[in-house]
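Subject: Structure handover

Hello,

Here is the structure, with the sequence alongside. Please have it open while you read the notes that follow.

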Amino acid sequence: MNDATTKKHTALLNLLDALQTELDARDLWSTQPPAPSAFESQTPFFADTMNFSEWLQWVFVARFRAILDAGTPLPASCDVAPMAEEALKEMEQDVSEVIRLLKAFDDQF
């Protein structure tokens with residue numbers, strides 16, 4: 001990896017760490033994964049089998065960590081913040097930091 005790629009990977013890992021911490025602080029991080037069948041969804045964001053915070057934890061964070069750990073090429077774009085704004089708008093918890101972190105993540109692409 002070149003220096004720019006290394007910096008980008010480090011920035012993305014730091015954002016994933018901060019996102020995990022924030023989700024946990026808002027009681028949106030679970031120790032138990034959804035049922036295996038929940039991961040078979042063909043719907044965007046697995047909206048038919050998981051709530052958005054579950055998708056963030058078990059799909060988004062997990063997959064990006066795997067991509068970064070393996071050093072495989074990153075997707076050309078990431079645009080998850082707009083979905084987060086819509087999916088989380090009814091939450092009782094203050095999720096503004098979650099959305100800010102996701103915007104920062106999107107901005108890396």
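Helix α4 has 12 residues, which at 1.5 Å a residue should span 16 Å, and this agrees with its end C-alpha atoms, which are 16 Å apart. The expected span is 1.5 Å times one less than the number of residues in the helix. Helices here are DSSP runs (H or I, at least four residues), numbered from the N terminus.

This is a predicted model, in which local features need pLDDT of at least 70 and side-chain atom pairs count only at pLDDT 80 or more, while totals for chains, interfaces and linings use all residues. Residues are numbered from 1 along each chain as its sequence is written, and side-chain values use heavy atoms, with hydrogens and water left out.

In α4, the buried residues are V98, I99, L101, L102, A104, F105 and D106. Buried means under 20% relative accessible area (1.4 Å probe, protein chains only). The buried residues of α4 pack against α1, α2 and α3.

The largest nonpolar core holds 29 residues, and V98, L102 and F105 are among those with the most contacts inside it, as are L19, W55, L56 and F60. The elements giving two or more residues to this core are α1, α2 (52-70), α3 (81-87) and α4 (96-107). Of these, α2 gives the most, with 8 residues. A nonpolar core is a set of buried Ala, Val, Leu, Ile, Met, Phe, Trp, Tyr and Cys residues joined through side-chain atoms within 4.5 Å. In soluble globular proteins, nonpolar side chains tend to be buried together.

Leaving out residues up to four places away in sequence, V98 touches L19, E22, L23, L56 and L88. Contact means heavy atoms within 4.5 Å.

**E22**

E22 lies in helix α1 (residues 3-25). Its relative accessibility is 12%, so E22 counts as buried. The side chains of E22 and R26 are joined by a polar contact of 2.9 Å. A polar contact is a pair of N or O atoms within 3.5 Å; within protein, one must be able to donate a hydrogen and the other to accept it, and residues adjacent in sequence count only if both atoms are side-chain atoms.

**S41**

S41 sits in the loop between α1 and α2. With a relative accessible area of 9%, S41 is buried. Its side chain makes a polar contact with the side chain of D48 (2.5 Å), and the S41 side chain also reaches the backbone nitrogen of T43 at 3.0 Å.

Regards

Definitions and conventions. Buried means under 20% relative accessible area, exposed over 50%, partly exposed in between (1.4 Å probe, protein chains only).
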